[in-house]
Amino acid sequence: MSELRVADLAANNAAWCAAVCAAHGGRSERAESHWLSRTPMPPLYPNLVTLTPAAAPTLGAVRALRASLPASSWAVKDSYRRLALEPLGFRRLFDAEWLLRPASLAPPQAPSSGARWRSIRTEPALAAWEARWGESAGGARVFLPALLEAPEIAILAAFDGDELLSGVIANRHERTVGVTNFFAHGASGETLRGEGIRAAMDVFPGLAVVGYASGLELAALRALGFERAGPLRIWAHGT
């Protein structure tokens, strides 16, 4: 296991959430125990990410957010699976595992899909990327153009000619590069997953690759050299 800890993985994820928040015109703040946004977050993104296992200060922040976001549906990322939030009106949305691929490992090796990976640079390309990602279909955009201006973020896409086959987002924070929002279309999805990890490592070399997953995605990332780093839980409040 790398010398990195869950705190490093949670900090990477909080930095990504902060970037998404800022792209939507929101403001966020970071305390020793947690990151939070007092403004509504886009779908699939939490308003609070715990950064340490200390429950007491985080519970105080959750109570304050509940008072300021009474009509909103929002979420808490419990990075250590330590919080008991049912008494505050939350329900368990899902459990997952933090994952870490040490910087010392070579990039994943797999048969080539033949796709060409590149960074998304323009607003039309970003809109097309999100449409292929598909999880915001019928709703408001999640990934806005301000993200393209951040040097610590790379939105990556794989193309077969003009067809967008796959994508992943990489965000650098200190000693880690987080990978998230992977998608793939077609029969070579797992090959493209490995290529996406390599593409992120090419953009941000020499860093541990981190993220979280559950179920089949967890098994797929384990096969690519990711180690379990610790459990996490997502809590949802509201409808």
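Visitor: In which sense do S5 and S11 pair, and over how many bridges?

Guide: S5 and S11 are antiparallel partners joined over ten bridges, where strands count as paired if DSSP finds at least two bridges between them, and strands (E, at least two residues) and helices (H or I, at least four) are DSSP runs numbered from the N terminus. Within this pairing, Phe-90 stands opposite His-237 in S11. This is a predicted model, in which local features need pLDDT of at least 70 and side-chain atom pairs count only at pLDDT 80 or more, while totals for chains, interfaces and linings use all residues. Residues are numbered from 1 along each chain as its sequence is written, and side-chain values use heavy atoms, leaving out hydrogens and water.

Visitor: How many residues has the largest nonpolar core?

Guide: In soluble globular proteins, nonpolar side chains tend to be buried together. A nonpolar core is a set of buried Ala, Val, Leu, Ile, Met, Phe, Trp, Tyr and Cys residues joined through side-chain atoms within 4.5 Å, buried meaning under 20% relative accessible area, exposed over 50% and partly exposed in between (1.4 Å probe, protein chains only). Here the largest has 41 residues, and Trp-16 and Tyr-45 are among those with the most contacts inside it. H1 supplies the largest share, eleven residues.

Visitor: Why is the pair of Trp-16 and Tyr-45 called edge-to-face?

Guide: A pair of aromatic rings is described by the distance of the centres and the angle of the planes. Rings of Phe, Tyr and Trp (its six-membered ring) pair if their centres lie within 6.5 Å, with planes under 30 degrees apart stacked, over 60 edge-to-face and the rest tilted. The pair is edge-to-face because the centres of Trp-16 and Tyr-45 are 6.2 Å apart and their planes stand at 65 degrees.
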